[in-house]
Amino acid sequence: MGRFYITTPIYYANDAPHVGSAYTTVNADALARWHRLAGDDVKFMTGTDEHGQKMADAAEKNGKSPAEWTDLMSERFREAWSALNISYDDFIRTTEPRHYETVQKFLSVIYENGYIYKDVYKGLYCVSCEDYYTLEASDNGSCPIHHRVLTEMEEENWFFQLSAFEDRLIEFYDTHPGFVTPETKRNEAYSFMKGGLKDISITRTSITWGVPVPWDERHVFYVWYDALINYLTVIGYGRDDEEVARWWPHSNHLIGKEILRFHCVWWPAMCMAAGLEPVHHVHVNGWLLVGGEKLGKTMAAEGGVKVSDIEPIALSQEFGVDPLRYYLLRETALGNDGEFSLEGIAARYNTDLANNLGNLVARVAAVVSSKCAGVGPLPQSDSTLRAVAEATTAKAAEAWENFAPQRALEVTFDLVGATNAYLETHAPWKMEPGSAVDAVMGDALEAIRLVTILISPAMPSVAEEIWRRIGLRGAPDSGPFGAVATWGLYPGGPVEKGASLFPRITSEL
RNA sequence: GGCGGCGUAGCUCAGGUGGUCAGAGCACACGGCUCAUAAUCGUGUUGUCGCGGGUUCGAGUCCCGCCGCCGCUACCA
């Protein structure tokens, strides 16, 4: 029995959760569910990032205190994840006392180790944005948004000596080839480091909504240096050494590609500075694109998909929670960018779920009803389906282990297809009731039982429903996988016909 | 500007180190079946692998140039 600690990023709670966040979160959830099914000891966390100037501004604009405001915003994420059946073990908010404690301890260690020093940050500042720009990012010295001339500003900050870790980071990458996956993303981070690392300022005096710097209370930590540390907060860094040792550093961060640098360069360097071994695995996923463009852009475009149409909760209401989860997991390889569209969801729904899986369950239930008096017979040990089923369970397990839900589901549905073909070959509906029919239907039910186990990380509710309909007790995800995903365990039982699991979508979208 | 990536059937995409690599799914066509959600099963069509050169006995697969799209270029997260 292994251990599996997986995290999503903590999402900046200045807006409602969108499909991009849902995409990462659903994938993390399915991976967590897979590992629970496999019998591993699992910890799965997500949460919200609630500090920073933007949050304070938004609160003020809405006539609330930052604390009141973030309570409201954070709740929207918990609602969305609840709607998507996300099985997190912990939901961290960066405004919690436990987080303040861990952040202050962690950064104090780095400070005591001599990697944090005071210096003056000079930059081009836009008064309207209340933010700094590099010369390259500016519009010839003017603010790209407000078009007013940027002013040279100086601010006294505490700096993290990132430059001191260049060699150690490169060595870490060289000795941990699986640190960042997929490999293309690893190369991106690697070449960035090879280009040289500069120190970075990690505190602000202009902001008060943040974690105070323990050795200099006029400063608060700049949001990233507070946010990254959440991964340690939830395992008790600074409060529970045993728990930290239990989950770290053999942990997994699932992140979107836009925050690659923070997780793949800054974060391991901070861990090193604190004398902590960096996390062993960061998996970087791509973006969901709409019409080939980033979500935000398209939503603003005329005639594009409306924001309200692609909010996770709205989508789950339109298509169902499990179909939405299935689409997010199945459509795109975790690591690549992928196309997101309502038509795509409907296509997956109809072809995979309604036509293949749902229809398979329906036709089997119908034949068992008419030819087996509604009682599912036992499978045969020498069924020709057995080889397919065993290959499927092996390949699917391997894919789940390798952070490839898309592949896992693809091969799982190969077994669905093989079972449909098996029924065609034997045509039990043409037979008289008896042992020949029983043999075929027992095999089909056993294949369905295995499929149900295999889809449970992706579609937990549907899996439960099918499990129940074919007369099984317990739950499809109780595992351990190695023991239950073995051909021949279907014990027979009453098979219920029931309504369509996935009524076909026929209306225009 | 610099660094990196992408451009393969109508659609979405696979294709380590060059030689059944021209593929999968969807869509489409034809045939079978009628237990099932007009679902299913079988068979099949579709491509100058962005363009132009080059290396090689042989190149989506290596090199050069070009066109188009995209990401990163450090303190919004």
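1. Helix α1 (residues 19-38) has 20 residues and reaches 28 Å from its first C-alpha to its last, close to the 28 Å expected at 1.5 Å a residue, where the expected span is 1.5 Å times one less than the number of residues in the helix. Helices here are DSSP runs of H or I with at least four residues, strands are runs of E with at least two, and both are numbered from the N terminus. Most of α1 is covered, since 17 of its 20 residues are buried; buried means under 20% relative accessible area, exposed means over 50%, and partly exposed lies in between, computed with a 1.4 Å probe on protein chains only.

2. Please keep in mind that this is a predicted model, in which local features need pLDDT of at least 70 and side-chain atom pairs count only at pLDDT 80 or more, whereas totals for chains, interfaces and linings use all residues. Residues are numbered from 1 along each chain as its sequence is written, chains are lettered from A and ligands numbered from 1 in the order in which they are written, and side-chain values use heavy atoms, with hydrogens and water left out.

3. An open sheet of six strands has the order β3-β2-β1-β12-β13-β7, with parallel pairing, and its edge strands, β3 and β7 (180-181), each pair on one side only. Two strands count as paired if DSSP finds at least two bridges between them. Strand β1 (residues 3-12) and strand β2 (residues 41-49) run parallel and are joined by eight bridges; within this pairing, isoleucine 6 has phenylalanine 44 in β2 as its bridge partner.

4. The bond from threonine 181 to proline 182 is cis, with omega near -10 degrees, and proline 182 sits in the loop between β7 and α6 (183-194). A cis peptide bond also joins tryptophan 248 and proline 249, with omega about 5 degrees, and proline 249 is placed in the loop between α9 (241-247) and β12 (251-256).

5. Phenylalanine 403, which is not a glycine, has a positive phi of about 60 degrees; its place is in the loop between α15 and α16, and phenylalanine 403 is buried, with a relative accessible area of 7%. For alanine 427, phi is near 40 degrees; this residue is found in the loop between α16 and α17 (435-455), where alanine 427 is buried at a relative accessible area of 11%.

6. A search of the whole structure finds 25 salt bridges, each being a side-chain nitrogen of Lys or Arg within 4 Å of a carboxyl oxygen of Asp or Glu. One of them links aspartate 71 with arginine 93, whose closest N and O atoms are 2.9 Å apart. Aspartate 71 lies in helix α3 (residues 66-83) and arginine 93 in strand β3 (residues 90-93), so this pair ties together parts that are 22 residues apart in sequence. Aspartate 71 counts as partly exposed at 40% relative accessibility, whereas arginine 93 is buried, with a relative accessible area of 13%.

7. Another salt bridge joins the side chains of glutamate 424 and arginine 363 (2.8 Å, N to O). This pair links distant parts of the chain, with glutamate 424 in helix α16 and arginine 363 in helix α14, 61 residues apart.

8. A polar side-chain atom of serine 201 lies 2.7 Å from a base oxygen of RNA strand B. A sugar or linking oxygen of RNA strand B is 2.3 Å from an N or O atom in the side chain of asparagine 359.

How values were computed. Polar contact = N/O pair within 3.5 Å; in protein donor to acceptor, adjacent residues only side chain to side chain.
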